[in-house]
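These are my notebook entries from going through one model, in the order in which I looked things up.

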Amino acid sequence: DQALLESFVAMPAVKKPAAKAATGKAKTLKFTIDCAQPVDDGIMDAASFEKFLNDRIKVGGKTGNLGSAVSVSRDKSKVVVNAEIAFSKRYLKYLSKKYLKKQQLRDWLHVVANTKNSYELRYYNIHDTEQDEEED
């Protein structure tokens, strides 16, 4: 038993891969949220969405603490978020849905990922369901 126990103790420790991929190097993450459809229809203002994100994004657990780590800008109907720190795309979806709820647009719009680092605000496809109901 003693020899077996010593063989376990003498085994080299298995190194785990470093989980510092997002925080290790100063990688700039760029996320875009395309609001073209609702902005073109005039039911939403991209400037107010940009201001909402500026006010609500938390850095280090505090709102209004963006500093130089996170920047929010707008290019016509697209809102662009650049982050030099670890930043979740999912967090942007959460905030986008929160904004839509606050503006009472959640019943008509949803947030859809169209590429690896961008979201798009789209209308729900209600035309397909209406046609299906008529066929029945």
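Entry 1, confidence. I began with pLDDT, which is the predictor's confidence in each residue, from 0 to 100, and I note that a contact means heavy atoms within 4.5 Å. This is a predicted model, for which local features need pLDDT of at least 70 and side-chain atom pairs count only at pLDDT 80 or more, while totals for chains, interfaces and linings use all residues. Residues are numbered from 1 along each chain as its sequence is written, and side-chain values use heavy atoms, with hydrogens and water left out. I looked up the mean pLDDT of the chain and found 83, with 74% of the residues at 70 or more. Over residues 16-24 the pLDDT stays under 50, and for this stretch the model has 3 contacts beyond four places in sequence. By element, the lowest confidence belongs to helix H2 (residues 21-24), with a mean of 44, and the highest to helix H5 (residues 89-102), with 96. I remind myself that where pLDDT is low, the predicted coordinates should not be read in detail.

For the elements I rely on DSSP runs, numbered from the N terminus, with helices (H or I) of at least four residues and strands (E) of at least two. I find 6 helices and 7 strands in the chain, and along the sequence they follow the pattern α-α-β-α-α-β-β-β-β-α-β-β-α. Of the 136 residues, 27% are buried, where buried means under 20% relative accessible area, exposed over 50%, and partly exposed in between (1.4 Å probe, protein chains only). Taking the contacts between residues at least 6 apart in sequence, I note that 57% join residues at least 24 apart.

How do the axes of H4 and H5 cross? Two packed helices are described by the angle between their axes and the distance between the axes; here the axes are lines fitted to C-alpha atoms, for helices over the stretch in contact, and angles run from 0 to 180 degrees between N-to-C directions. The axes of helix H4 (residues 46-56) and H5 come within 11 Å and cross at roughly 120°. H4 is therefore oblique to H5, since angles under 35 degrees count as roughly parallel, over 145 as roughly antiparallel, 65 to 115 as roughly perpendicular and the rest as oblique. The crossing of H4 and H5 is right-handed, which is the term used if the near helix is turned clockwise from the far one by less than a right angle, left-handed being the anticlockwise case. On the H4 side the contact is made by Ser 48, Phe 49, Phe 52, Leu 53 and Arg 56, and on the H5 side by Tyr 91, Leu 92, Leu 95, Ser 96, Lys 98, Tyr 99 and Lys 102. I sorted the residues of this contact into 7 nonpolar, 2 polar and 3 charged, with Ala, Val, Leu, Ile, Met, Phe, Trp, Tyr, Cys and Pro counted as nonpolar, Asp, Glu, Lys and Arg as charged, and the others, Gly among them, as polar.

Is Leu 53 buried or exposed? Leu 53, which is found in helix H4, has 0% relative accessibility and so counts as buried. Not counting residues up to four places away in sequence, Leu 53 touches Ile 33, Val 72, Val 79, Val 81, Leu 92 and Leu 95. I also looked up Leu 53 and Ser 71, which are 18 residues apart in sequence and 9.8 Å apart in space, C-alpha to C-alpha.

Val 80 is found in strand E5, and its relative accessible area of 12% makes it buried. Beyond four places in sequence, Val 80 touches Lys 30, Phe 31, Thr 32, Ser 71, Val 72 and Ser 73. Asn 82 is also found in E5; its contacts, with the same exclusion of residues up to four places away, are Leu 29, Lys 30, Ala 69, Val 70 and Ser 71. Asn 82 and Val 72 are 6.5 Å apart, C-alpha to C-alpha, at a separation of 10 residues in sequence.

Lys 76 lies in the loop between E4 and E5 and has a positive phi of about 55° although it is not a glycine; at 73% relative accessibility, Lys 76 counts as exposed. Ser 77 lies in the loop between strand E4 (70-75) and strand E5 (78-83), but at 14% relative accessibility Ser 77 counts as buried. Gln 104, in the loop between H5 and strand E6 (109-115), has a positive phi of about 60° although it is not a glycine, and is exposed, with a relative accessible area of 63%.
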